[in-house]
Amino acid sequence: VAAAGYPERARTGDALTVPAVDADDVLIFQAGTARAGSGTLVSSGGRVLAVTAVAPDIAAARERSTAVAARVVLDGKQSRTDIGWRELARSAGAS
């Protein structure tokens with residue numbers, strides 16, 4: 001998940017809500033985050049979060065991580081849709 005304006009001029013200071021994940025198959029890594037004076041989690045860089053899932057195959061992992069990333073609340077957020085496409089293409093050709 002990237003901030004509004006990324007990569008040219010990432011906007012910082014936008015409030016951020018990270019969804020609760022009650023499963024061992026998804027990890028959310030914070031990168032461009034900070035705490036505002038009020039304690040609110042805010043964006044502090046371009047690449048804000050990495051949402052990673054573990055599944056039996058890459059297609060399922062991508063689907064799971066994408067679903068959780070969609071639940072992140074961040075004004076103007078951007079989500080990468082090209083992650084893993086090479087491996088997905090390679091896997092599709094292997095059958």
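Helix α1 gives seven residues to the lining of the largest pocket, the largest share. Helices (H or I, at least four residues) and strands (E, at least two) are DSSP runs numbered from the N terminus. The model is predicted, so local features need pLDDT of at least 70 and side-chain atom pairs count only at pLDDT 80 or more, while totals for chains, interfaces and linings use all residues. Residues are numbered from 1 along each chain as its sequence is written, and side-chain values use heavy atoms, with hydrogens and water left out.

**The pocket**

The largest pocket holds about 520 Å³ of space. Its lining numbers 23 residues, of which Val-1, Val-51, Ser-65, Arg-80 and Ile-83 are the closest to the centre. The elements giving two or more residues to this lining are β5 and α1. On a 1 Å grid over the protein atoms alone, a pocket is an open set of points where a 1.4 Å probe fits, with protein on both sides within 12 Å along at least five of seven lines; lining residues have an atom within 4 Å of a point.

**Helix α1**

Ala-61, Ser-65, Val-68 and Ala-69 are the buried residues of α1. They lie on the same side of the helix, because they cover an arc of only 100° around the axis; the arc is that of the directions from the helix axis to the C-beta atoms. The face turned away from this buried side carries the exposed residues Glu-63 and Ala-70. Buried means under 20% relative accessible area, exposed over 50%, and partly exposed in between (1.4 Å probe, protein chains only). The cover over the buried residues includes β2 (26-30) and β5 (49-53).

**Two residues compared**

| Residue | Relative accessible area | State |
|---|---|---|
| Thr-33 | 18% | buried |
| Asp-57 | 41% | partly exposed |

Thr-33 is found in strand β3 (residues 33-35). Its side chain joins that of Gln-30 in a polar contact of 2.7 Å. Not counting residues up to four places away in sequence, Thr-33 touches Leu-16, Leu-41, Val-42, Ser-44, Val-48 and Leu-49, where contact means heavy atoms within 4.5 Å.

Asp-57 is found in the loop between β5 and α1. At the start of α1, a side-chain oxygen of Asp-57 reaches to within 3.1 Å of the backbone nitrogen of Ala-59.

Technical notes:
Polar contact = N/O pair within 3.5 Å; in protein donor to acceptor, adjacent residues only side chain to side chain. Points joined across faces, edges and corners; volume = space filled by probe spheres on them.
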